[in-house]
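Me: Before I rely on the terms used for this structure, could we go through them in turn, setting values against cut-offs?

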Amino acid sequence: MIFEQIATGGCQSYLVGCEKTSAGALIDPEASQVDRYLALAARDGLRIRFVIDTHTHADHFSASRQLAEQLGALSVMHRASPAPGVQMRVEDGEMIVLGQLRLQVLHTPGHTVDSMCLVCEDRVFTGDTLLIGGTGRTDLPTGDPEALFESLFGRLLRLDPALKVYPAHDYKGRSHSTLGDELATNPRLQQRDKAAFVQMMRQLDLSMPTHLTEALRTNMSGGKTVAQMLAEASASVPFMAMAELLSRVQAAPTELIVLDVRERDAYEAGHIPGARLLPRGQLELRVNAELPDPTARIVTCCEFGRISTLAAATLRSMGFQRVAALDGGMKAWLEAGYPVSAGPGA
Ligand SMILES: [Fe+2]
């Protein structure tokens, strides 16, 4: 078995592959690590056939859909998953065949209704059903402590105790444990009475994961995260450095349009000398009147350099082919001690 474990903060992803056939699968890929997964697969000589999420993640952004599209691989989730773009839905008792490897599906609801564990040779990918020294929480959407108890004690923990446990999370840098170790030492598993287990889970009172709503929104719909929108916009426009813009504005102020896309109050408080105001929210409404010449050279700017990037991408997609975004924003411009004008401006 070819095996790679990729940690991203507390999230764990896995690349598994068959040495004989070079067929590979990615388990729980995270959006920020796409290049790394592809590089590892290339280094290991694997063709990724399946991109699998063990459940609907509430705490990280899944790269499954993007990778499946990019690689011509199948995205895989349990049948109960609400995500619409899943290409192969699997159920308990089925196997995902990876050359000579077999990933055996165990439906283990509890953390979420669509949670599954995948058994492969000497190991089990437990998703958030079982963590090292913990279990997945049951207080997020579709969580169910009673179902988790049954999934753990009725299914997962009845497997061979020597099976290695590879979870979807570990916040302490550990790579794996075994089912036997977890049964013996995992504090949550010492509660073997169902009612007491359920009560313990209900009383955990955990803080909500950061990005909860955005992760659920994008993972359940296949939509884009804000970071993804920005990354795509950044990859589609050129940028101009602040010092470069300053020297050009000072040398030949009429040769380019500095387009400030913030709101009026921010603009009036201080803008790049000569900059014109066209708030991002009014861009499409006023673009034809404000920017009649599609060959004009334009540099967009905003407070932090993010909205101006989106604005530049929008303008480019409208046919303004000489639009760049300022590399930086008014905050950095002011910190650099560059000149500003105040008031209603041009
Ligand atoms: Fe999770």
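Predicted model: local features only at pLDDT ≥ 70, side-chain atom pairs only at ≥ 80, totals over all residues.

Me: Why is glycine 343 called exposed?

Reply: A residue is buried if 20 or more other C-beta atoms, placed from the backbone, lie within 10 Å of its own, exposed if 12 or fewer, and partly exposed in between. Glycine 343 has 9 C-beta neighbours inside 10 Å and therefore counts as exposed. Its place is in the segment after helix H12 (330-335), where helices (H or I, at least four residues) and strands (E, at least two) are DSSP runs numbered from the N terminus.

Me: Why is strand E2 described as largely enclosed?

Reply: Because 7 of the 7 residues of E2 are buried, the strand is largely enclosed by the rest of the structure. Cys11, Ser13, Leu15 and Gly17 point one way from E2, while Gln12, Tyr14 and Val16 point the other way, and all are buried.

Me: How do you know that E2 pairs with E1 and with E3?

Reply: Two strands pair if DSSP finds at least two bridges between them. E1 and E2 run antiparallel and are joined by 7 bridges, with glutamate 4 standing opposite leucine 15 in E2. E2 (residues 11-17) and E3 (residues 23-27), also antiparallel, are joined by 4 bridges, and here tyrosine 14 stands opposite isoleucine 27 in E3. The hairpin of E1 and E2 has 2 residues between the strands, and glycine 9 in its turn has a positive phi of about 60°; in the hairpin of E2 and E3, with 5 residues between the strands, serine 22 takes a positive phi near 65°.

Me: What makes strand E1 and strand E6 edge strands?

Reply: The open sheet has 6 strands in the order E1-E2-E3-E4-E5-E6, with mixed pairing. Strand E1 (2-8) and strand E6 (88-90) are its edge strands, as each pairs on one side only.

Me: What pairing is found in the sheet of 5 strands, and which helix lies across E15?

Reply: Those 5 strands form an open sheet in the order E15-E19-E18-E16-E17, and the pairing is parallel. E15 and strand E19 (residues 323-327) pair in the parallel sense over 3 bridges, and methionine 240 stands opposite leucine 326 in E19. Helix H8 (residues 242-251) lies across E15, strand E16 (257-260), strand E18 (298-301) and E19, running at about 80° to E15; such angles run from 0 to 180 degrees between N-to-C directions, with axes as lines fitted to C-alpha atoms, for helices over the stretch in contact.

Me: What is a nonpolar core, and which residues have the most contacts inside the largest one?

Reply: A nonpolar core is a set of buried Ala, Val, Leu, Ile, Met, Phe, Trp, Tyr and Cys residues joined through C-beta atoms within 7 Å. The largest has 52 residues, and those with the most contacts inside it are Leu15, Val16, Ala25, Leu26, Ile27, Val51 and Leu118. A second, separate core of 30 residues includes Val261, Ile272, Leu278 and Phe320.

Me: How far apart are the centres of domain 1 and domain 2?

Reply: The domain assignment, whose bounds come from an automatic or database source, gives domain 1 (2-223) and domain 2 (229-335). Taken over C-alpha atoms, their centres are separated by 43 Å.

Methods: Residues numbered from 1 in each chain as written. Contact = placed C-beta atoms within 7 Å.
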